[in-house]
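Colleague: Could you take me through this one? I'd like to start with how the chains meet.
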Protein chains: 2
Amino acid sequence: MQPSARQLRLGVFVQTPGHHVGGWRHPDADARTPNLALMQHIAATAEAAKFDMFFLGDGFATGYGEHPSTIGKFEPLGLLSALAMSTTRLGLAATASTTYAEPYHVARAFASLDHLSGGRAAWNVVTTAYSKSSAVFGRQHPPHAERYAMAGEFVEACRLLWDSWDDDAFIADKHAGLFVRPGSLHMPAFEGKYFSIQGALNVPRPPQGHPVLIQAGSSGPGQALAARIADVVFTAQNDLSEAQAFYRSVKAQLAECGRTADAALVMPGVMPVVGRTEREAREIFAELNRNIATAQAFTVLSERLGADMSVHPLDGPVPAVPETEHLKSRAALLIQMARRENLTLRELYHRVAAARGHLLPIGTPSQVADVLERWFREGGADGFNVMPPFFPGQFDAFAQCVVPILQERGLFRADYTGTTLRDHLGLGRPADRRG
Amino acid sequence: MQPSARQLRLGVFVQTPGHHVGGWRHPDADARTPNLALMQHIAATAEAAKFDMFFLGDGFATGYGEHPSTIGKFEPLGLLSALAMSTTRLGLAATASTTYAEPYHVARAFASLDHLSGGRAAWNVVTTAYSKSSAVFGRQHPPHAERYAMAGEFVEACRLLWDSWDDDAFIADKHAGLFVRPGSLHMPAFEGKYFSIQGALNVPRPPQGHPVLIQAGSSGPGQALAARIADVVFTAQNDLSEAQAFYRSVKAQLAECGRTADAALVMPGVMPVVGRTEREAREIFAELNRNIATAQAFTVLSERLGADMSVHPLDGPVPAVPETEHLKSRAALLIQMARRENLTLRELYHRVAAARGHLLPIGTPSQVADVLERWFREGGADGFNVMPPFFPGQFDAFAQCVVPILQERGLFRADYTGTTLRDHLGLGRPADRRG
């Protein structure tokens with residue numbers, strides 16, 4: 001079939017052993033950790049299926065009963081640097097918080113990854129939501145609004161650092177004795193409320209100019225930041241009409257910032273549960289839900305809603321939850337969903353444990369492809385960040401069975417046409433600062 | 001020949017295009033930057049020659065006229081993660097400062113590198129000496145004594161973080177539903193003057209227990225820190241009797257800390273200039289010195305001595321330099337050398353530009369091997385950190401021509417006998433915290 005002019009984008013959100021809380025216990029999950037061979041398998045599978053990017057979340061888990069997928073990990077930037085060696089086209093995206101870090105360190109790490117990978121780096125700009133993360137840094141956790149103000153300054157400082165040198169600054173002219181071209185340095189000078197920078201980055205300008213910037217906050221300040229800086233917007237949506245409203249809102253805010261509608265791509269998360277038959281898919285999902293311990297359910301719910309849920313009966317209605325600074329927008333989305341669908345606490349926790357509020361299509365490869373196509377064609381998404389319930393089984397199934405259908409339908413590339421992640425995503429390259 | 005019981009250790013200090021200020025202009029230097037292919041070549045060459053480790057310095061160059069080898073680089077941890085994929089035995093050591101970083105981030109990055117490399121990570125623990133680095137972090141630069149107090153706390157916190165989990169914590173028992181073994185978590189709690197940590201590392205315990213710790217400060221506080229925490233001590237020495245005194249001092253301080261003499265290895269830097277004949281080696285060195293611009297010479301000298309040298313005549317004596325907080329011990333070593341050998345400022349600058357105060361043997365492979373053997377046998381060194389004047393030419397010459405002589409003399413391994421860097425260095429593995 002002829003490719004449609006507009007192509008959908010695919011990322012794989014790699015959170016091993018799986019995004020579903022019970023996923024790691026499935027027989028087709030590889031739960032050994034840390035697991036470089038599994039990471040290399042996922043990257044190779046994603047590249048063979050022509051995915052846009054391999055995406056890693058991040059957090060500072062502290063050992064207090066977190067989800068298995070958030071402990072026992074590799075540090076994201078180091079892992080992606082290693083995976084850059086076994087891949088040639090796949091985009092490599094990592095989350096890094098702006099709340100407990102220095103712009104110089106973060107700008108340097110992503111610039112370096114962009115060089116190591118030949119222009120395939122992306123940075124998911126987040127603020128650290130969990131207040132207990134502050135304890136590993138010995139600091140007070142800043143409130144929501146302040147975290148977003150910090151994030152805005154942080155990104156601005158990083159952009160100045162990436163632009164320290166012109167693209168062709170390092171000429172290494174042995175005869176003239178000029179290692180750098182005179183005039184090619186643009187000394188960053190940034191004076192903000194939270195960060196201050198005087199001095200250049202000691203990494204040449206990244207091959208992509210700037211790494212691709214991703215933003216994943218759905219709150220008001222999160223959306224406002226995305227409209228200003230994001231190339232890609234991740235979001236959690238499980239209802240098409242709400243996804244359409246979010247999509248329209250992001251595109252409208254882009255216009256307000258003087259950016260075109262295609263300057264930032266909206267990519268909701270999706271947890272596909274794929275079976276050879278619909279019945280097999282439903283059985284996989286039921287098995288996953290049986291593998292969640294009740295204590296774990298309460299932990300996950302309490303974390304997500306920002307209040308202790310273990311005092312409420314599991315088969316009663318979802319209680320009212322006071323609004324907190326903690327995970328503001330995500331918690332509100334979950335409560336809305338519970339009210340809309342009249343869920344019990346147990347039902348909500350199955351949804352949360354499964355997909356944390358993301359789209360959750362369950363069925364055959366073509367049924368899953370139908371859902372993705374509909375969201376893509378009807379203005380709900382520019383693409384998806386695929387969150388398999390467990391690795392490698394369900395990701396292999398998606399890559400090998402769902403992607404070929406999307407390709408046959410002309411919705412997804414049959415091969416890469418460029419070399420950088422900006423090429424894959426159809427994004428422009430920011431120019432350097434020469435006059 | 002029979003191997004001697006005591007074997008010397010070799011690191012390659014990788015600072016491309018070269019350690020000599022004029023090195024990058026040599027025809028056999030590859031001065032393109034950043035240069036992954038060159039890094040992979042150096043790593044492969046070092047591993048083929050059975051080196052203990054590949055070592056990266058680090059700094060936060062700011063674009064104010066620094067040495068070509070300190071700008072236009074990769075970020076060290078990401079680069080080593082990439083090189084872990086193309087090597088299987090070579091130790092991978094990176095410098096990371098304790099002055100402008102968080103213990104959690106640093107502990108995590110080195111733990112992750114140790115996993116990615118199968119137990120080959122080392123951390124060179126430094127404090128940031130150049131006060132202008134503070135400007136890229138928008139902070140006041142702490143004085144020398146405070147920086148070392150911070151470094152001590154920083155390492156202590158990192159050790160607690162590495163010991164968060166027992167070695168076999170991540171059991172992933174699907175049947176029992178236990179991702180981690182109960183009781184395997186030892187929650188770090190550290191309350192210092194400069195750092196405070198509550199919470200576990202989200203990386204499993206490193207394969208080596210703790211990464212190998214290197215310490216490179218030669219000042220009093222630097223030596224005291226080394227005696228407490230270091231597995232390897234780097235130092236700049238250019239006179240055998242002074243090197244012997246330093247060696248004895250380190251070993252005596254180890255004993256005072258209740259550690260055995262072989263618990264920490266003393267490895268001075270050495271810049272070998274290797275030719276097929278002594279005359280060829282001398283010509284290479286002369287050519288290197290011709291390639292230094294005078295302005296660059298003054299910049300380097302001023303940086304190293306912590307005072308503006310451009311106001312003094314190049315062919316006059318080395319002026320008195322007020323002691324500053326800046327690079328205390330290294331500056332003092334250079335001034336002592338100048339007084340001892342009655343050097344002019346120009347002569348000192350040739351020495352500094354060449355080897356920054358390190359041992360500088362110039363000659364045939366066997367002449368260079370003679371110097372290393374003498375220092376090793378006569379109590380000046382347990383091994384060397386090799387600092388080629390330029391890459392890849394002079395490193396290839398050392399690896400291919402000098403190392404085989406050291407092997408023939410039974411001073412250096414003919415092959416690796418273990419898999420981890422601790423194995424190579426003959427160091428024990430710190431036990432986990434189970435009762």
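Modeller: Bear in mind that this is a predicted model; in it, the area buried between chain A and chain B is about 5,400 Å², and carbon and sulfur atoms give 64% of that area.

Colleague: How many residues does each chain put into the contact?

Modeller: The contact takes 67 residues from chain A and 67 residues from chain B.

Colleague: And how many salt bridges are there between chain A and chain B?

Modeller: The count is four salt bridges between the two chains, and in one of them the side chain of Asp58(A) meets that of Arg108(B), at 2.9 Å from N to O. As for polar contacts, the rule finds 26 residue pairs across the interface of chain A and chain B, with both residues at pLDDT 80 or more.

Colleague: Which elements of chain A give two or more residues to the side that touches chain B?

Modeller: Those are helix H1 (36-48), helix H2 (76-83), helix H3 (103-116) and strand S6 (196-198) of chain A, and the largest share, seven residues, comes from H3(A). By type, the residues of that side divide into 38 nonpolar, 20 polar and nine charged.

Colleague: Switching to chain B, why is strand S9 largely enclosed?

Modeller: Six of the six residues of S9(B), residues 265-270, are buried, so the strand is largely enclosed by the rest of the structure. Leu265(B), Met267(B) and Gly269(B) point one way from S9(B), while Val266(B), Pro268(B) and Val270(B) point the other way, and all are buried.

Colleague: What joins strand S8 of chain B to S9(B)?

Modeller: Four bridges join S8(B), residues 232-235, to S9(B), and the two strands run parallel, with Val233(B) standing opposite Val266(B) in S9(B).

Notes
Residues numbered from 1 in each chain as written. Chains lettered and ligands numbered in written order. Predicted model: local features only at pLDDT ≥ 70, side-chain atom pairs only at ≥ 80, totals over all residues. Heavy atoms only, no water. Contact = heavy atoms within 4.5 Å. Buried area = accessible area lost by both parts, 1.4 Å probe. Polar contact = N/O pair within 3.5 Å; in protein donor to acceptor, adjacent residues only side chain to side chain. Nonpolar A, V, L, I, M, F, W, Y, C, P; charged D, E, K, R; others polar. Buried < 20%, exposed > 50% of the residue type's maximum accessible area, 1.4 Å probe, protein only. Pairing = 2+ DSSP bridges.
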